[in-house]
Amino acid sequence: MHMRAGAHINEPFVLSTYSASQKLSKSASGSKKQPSVFATYEKASGSSDGYATIAAHADGVHVLDISGLYTCDEVPARVLAQSPQSEFTILDADLNIKKNIPAPQDAQGLLRTYCYSRNSCTFLPPQTGPQAGAVLVSVDASKNSTRVRVICVDDMDEVSEMNVSSIPLKPDFEWCYEYFELEPKDDNSIEPISISESFRLTGLSFISKVSSSEEVSLLSLGSSHVLLSALTDTPAPEIVLLLWDLQYSVLLASQSLPIPSTLSQAKDVTLKLKLVPASSSQALLVLSTHTADARPKPEGTPSRSSVLVVPFMCPETSTIANALGQASSGAKWMAQAASSSLAAPSHDPSRTKVLSTMRTAMAKNLPQAANVAFFEWEKRESEASKNEAGLSPAVLGHGFVKDLLTTVIQPSKPANTPYSSEVVKYLLNRKVVNSTMLDGGLLAALRYRNDWQSIELALEHVIDLPEAEIMETLQFVVARHRSNAAQDDDAMEIDSVTDVPSLPSFLSLCVGYTTTPPALRSAMRRSLKEAEDIYAVLKILENWIKQWSNRVSRIMPSKKDIAKNAHGVFIMKEKEKEGTRDLPSLSNVLSFLRTLLDASFLTLLQHPPAHAILRQIQTQIEPEIVFTDDMEKLRGPLEMFSKAHTKAIREAGQDKSKKPLGDWRQRRKQAHEQAGLSIGLYQLEELVL
């Protein structure tokens, strides 16, 4: 999971599920399928989060598609309707037609409609149309462009349609983000203004498939923020939620979750996603399925539709502060323009030359020659920037490092291509590598080259590794560990993978890596699916907890733990970093264990060998909880001594050359005398009557 300060998407949770109607599926025709579940949100008074109203098709129950009906408080006795052909109708409370506005002649269908109150529409010319009532903004597809219609309605059924310029987007355009803002013009018309540069999306199923527009849903969150829900274009698709700021074309937050097992994932089944607006911090995600083939299917487990709650936090307005540093966060979902390589800034001559030399060497399968070329260049650059402190490391920019990694690792070449990791390890030790520099991910590329030393360095020095990549790599190590354990001790294993680290050693790196619990939990569910894999990890975590519980906890420090500071005050020596590669810190172990249990507890319950390990963990943790509760009781009695010690350290660091101020009586007398001599330049007095 990716997030930005002030913007994040929490892990969605299931609100309700419904069985698909058998009669609905049997009566379906080849025409456009209607969704089987409808959801709306109603804000509640007080502090309640509000109410979700859900209607589901069922045998004997028929639900009409009300997605084209709108109500507005400004016209309480009217219902506003718009057909899929963009025909607009005003109805009374008994659904009697009061007025009808036909669709434009060249309209090819309705894309989306929004309903607002007249007072909230700042994009309308001030003296145009009714000054009270409702405003419908519809987006229609026409032959060569996309039309925006703005229709104003008052409580007397008076209708006025604003003149709005068309948006130059064809209905068959490639999937991309375009951000337009409606602005009033002097001639009482409305013009859509393009605010930011458009960009195309990639990596999502609806882009690569034909007629798969139902596998994506958009929801405006105000300002220029948009929440997108779609399926990934991968062999094992999953649902991804992306929070974009279109004004700056950056991804502020993301979240992914597996497709619920209750939804059919057959080839002829289309998964429909629908985002429904709810409160300012929640949205509803409706998941349902339908088949392209209307023929009856064999009886079996019926597919179910689900309604999920998506908690999120989004800034009220788009600011450059939130966009700073986010340029690379959405690179995975943004297609590169064809001319981007031509527009990219080139390297200086020396860097261009060394890259050319290295590429030539790698093309000839001479990785050592590429190493020599790079390190000779690095030595020359270091000597050229030599200062009084000695040699200064060569400056390595982001683009240069990215080109170096691509040149050396060669992700597109076969796995048996000659490879040397010297340059990669140098860059990792310099801490100039990030996870997005290689297509498909850094850890995946290094695993493809069987470079486990670099993978371990990446877990130590790269700070933005996705949790999904870490868990995929851990699963690979777990599978290798289980395979080795299943073989006889005398058997000789012939395998190209000889450098895979031991499971405890690699798991220690994963446990110590900084992650976010929701993203890690989701990654565990995707990668650690087998109960045997989870059990292998759980055994090691249990052993670490056992080692920590066997350690003696000292309450009072020894003389070796105490020393005098520069001012002669006794202080505690700085402790060494808790935990080692062989035994990670207890806090990291417990945090990783908690997330693992959250992700796979039900799987472990169905695996009898894991029951004994779970009981042992409980036996070891319970005394620690009791001990922590007992120690907490000392906080109050010892707090006064802690404050006194802190005060002694602070006063010891003050300048003792100043003249002593005497006792408290003298200091108070001196303060009164100084206050009576003069009044400060900016002294203010306030009289409250």
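Visitor: Which residues make the nonpolar surface patch of about 430 Å²?

Guide: This is a predicted model, in which local features need pLDDT of at least 70, side-chain atom pairs count only at pLDDT 80 or more, and totals for chains, interfaces and linings use all residues. Residues are numbered from 1 along each chain as its sequence is written, and side-chain values use heavy atoms, with hydrogens and water left out. The patch is made by Leu634, Leu638, Met640 and Phe641.

Visitor: Is Ser249 buried or exposed?

Guide: Buried means under 20% relative accessible area, exposed over 50%, and partly exposed in between (1.4 Å probe, protein chains only). Ser249 has a relative accessible area of 16%, and therefore counts as buried.

Visitor: With which residues is Ser249 in contact, leaving aside its neighbours within four places in sequence?

Guide: Ser249 lies in the loop between strands E19 (238–245) and E20, where strands are DSSP runs of at least two residues (E) and helices of at least four (H or I), numbered from the N terminus. Taking contact as heavy atoms within 4.5 Å, the partners of Ser249 are Ser196, Glu197, Phe199 and Met334.

Visitor: In E23, which residue is the bridge partner of Ser16?

Guide: Strand E2 (residues 13–19) pairs with E23 in the antiparallel sense over six bridges, pairing requiring at least two DSSP bridges. In E23, Ser16 has as its bridge partner Val307.

Note on methods
Patch = residues over 30% accessible without salt bridge, like charges linked within 9 Å, V, L, I, M, F, W, Y side chains within 5 Å. Areas by Shrake-Rupley, 256 points an atom, 1.4 Å probe, with all protein chains shown as cover. Salt bridge = Lys/Arg side-chain N within 4 Å of Asp/Glu carboxyl O.
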